[in-house]
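The sequence and the structure are shown first.

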Amino acid sequence: GGFSGRAITMFVAIFSAILIVGNLLVSKIGATVDDSLTEILGQSLRSFFDYALQGPILFSLYLDRPSAITSSWDALSAVCYMMEKAGLCKAETPHQEFMVFADNGAYGNVYSIFFSMAPKYGVLGVVFFSFLYGLWASFHVKRQARAPIHLFAAALLFAAIVLSLFSDRFLPGLYFFLKFLLISTVVMRVFRKK
């Protein structure tokens, strides 16, 4: 078993190409399609490291000076977003204030997944929510051989962890996830009966 070096290289190349094209399409970097490949690659690499590193750096700065940022993130915001559709809740803006995270004066507002839990629920809340999330993901992982729905559910839950680096919400796809589960369950039951 295991992945070959060629497979890993191909994955890294395709993943990098997707990130670079995405950066260009949404203007996340200063480069445009008219710039040189070197300029595009350099700015994309800087952008990737900025996003990957600013979460831990900004969260550390927040822990040093909690009054510097007022948190509007909440681990349970996805529930409020769903209730908001029925007028039962008013979700706060998920975008935090910007703060300098590098010596060159670079600003960022990606504070890490823990920022959605620590300010309102403390360290125990971080442990509790992370533990529940792990249980939920492992439930689907252990059952993925039984039904494809569990394979997709596990993939969505793991993807939400990765996407939390780039999204301002913990578990950003809960509403989509619940719709997916409902539709998949109905489809599976219909086909099982046939």
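## An aromatic cluster

Phe-115 has a relative accessibility of 0% and therefore counts as buried; buried means under 20% relative accessible area, exposed over 50%, and partly exposed in between, with a 1.4 Å probe and protein chains only. The model is a predicted one, in which local features need pLDDT of at least 70 and side-chain atom pairs count only at pLDDT 80 or more, whereas totals for chains, interfaces and linings use all residues. Residues are numbered from 1 along each chain as its sequence is written, and side-chain values use heavy atoms, with hydrogens and water left out.

Phe-59 is likewise buried, at 13% relative accessibility. The ring centres of Phe-59 and Phe-115 are 6.3 Å apart and their planes lie at 80°, so the pair is edge-to-face. Rings of Phe, Tyr and Trp (for Trp, its six-membered ring) pair if their centres lie within 6.5 Å; planes under 30 degrees apart count as stacked, over 60 as edge-to-face and the rest as tilted. This pair links distant parts of the chain, since Phe-59 belongs to helix 2 and Phe-115 to the loop between strand 2 (107–108) and helix 4 (118–142), 56 residues apart. Together with Tyr-62, Phe-59 and Phe-115 form one aromatic cluster.

Nine aromatic pairs are found in a search of the whole structure. One of them joins Phe-11 and Phe-15, whose ring centres are 5.9 Å apart with planes at 10°, so this pair is stacked. Both residues lie in helix 1, four residues apart, about one turn of the helix. Phe-11 is exposed, with a relative accessible area of 56%, while Phe-15 counts as partly exposed at 41%.

## Overall architecture

The chain has six helices and two strands, and its elements run α-α-α-β-β-α-α-α from the N terminus on. Helices (H or I, at least four residues) and strands (E, at least two) are DSSP runs, numbered from the N terminus. The C-alpha trace spans about 60 × 45 × 35 Å along its principal axes.

Of the 194 residues of the chain, 30% count as buried. Among contacts between residues at least 6 apart in sequence, 56% join residues at least 24 apart; contact means heavy atoms within 4.5 Å.

## Packing of helix 1 and helix 2

Two packed helices are described by the angle between their axes and the distance between the axes. The axes of helix 1 and helix 2 come within 10 Å and cross at roughly 95°. Here axes are lines fitted to C-alpha atoms, for helices over the stretch in contact, and angles run from 0 to 180 degrees between N-to-C directions. Helix 1 and helix 2 are therefore roughly perpendicular to each other; angles under 35 degrees count as roughly parallel, over 145 as roughly antiparallel, 65 to 115 as roughly perpendicular and the rest as oblique.

Helix 1 contributes Leu-19, Ile-20, Asn-23 and Leu-24 to the contact, and helix 2 contributes Ile-40, Leu-41, Ser-44, Ser-47 and Phe-48. By class, this contact of helix 1 with helix 2 has six nonpolar, three polar and no charged residues. Ala, Val, Leu, Ile, Met, Phe, Trp, Tyr, Cys and Pro count as nonpolar, Asp, Glu, Lys and Arg as charged, and the others, Gly among them, as polar. Ser-47, within helix 2 (residues 37–64), is buried at a relative accessible area of 10%. Not counting residues up to four places away in sequence, Ser-47 touches Asn-23 and Ile-29.

## Two loop residues

Asp-34 is placed in the loop between helix 1 (5–25) and helix 2 and counts as exposed at 72% relative accessibility. The C-alpha atoms of Asp-34 and Ile-113 are separated by 35 Å, the two residues being 79 residues apart along the chain.

Ser-71, in the loop between helix 2 and helix 3 (77–84), counts as buried at 15% relative accessibility. Leaving aside neighbours within four places in sequence, Ser-71 is in contact with Gln-96, Phe-115, Pro-119 and Lys-120.

## The disulfide

One disulfide is found in a search of the whole structure, the criterion being a pair of cysteine sulfur atoms within 2.5 Å. Cys-80 and Cys-89 form this disulfide, with their sulfur atoms 1.9 Å apart. The link of Cys-80 and Cys-89 is left-handed, with -90° about the S-S bond. Cys-80 counts as buried at 13% relative accessibility, whereas Cys-89 counts as partly exposed at 25%.
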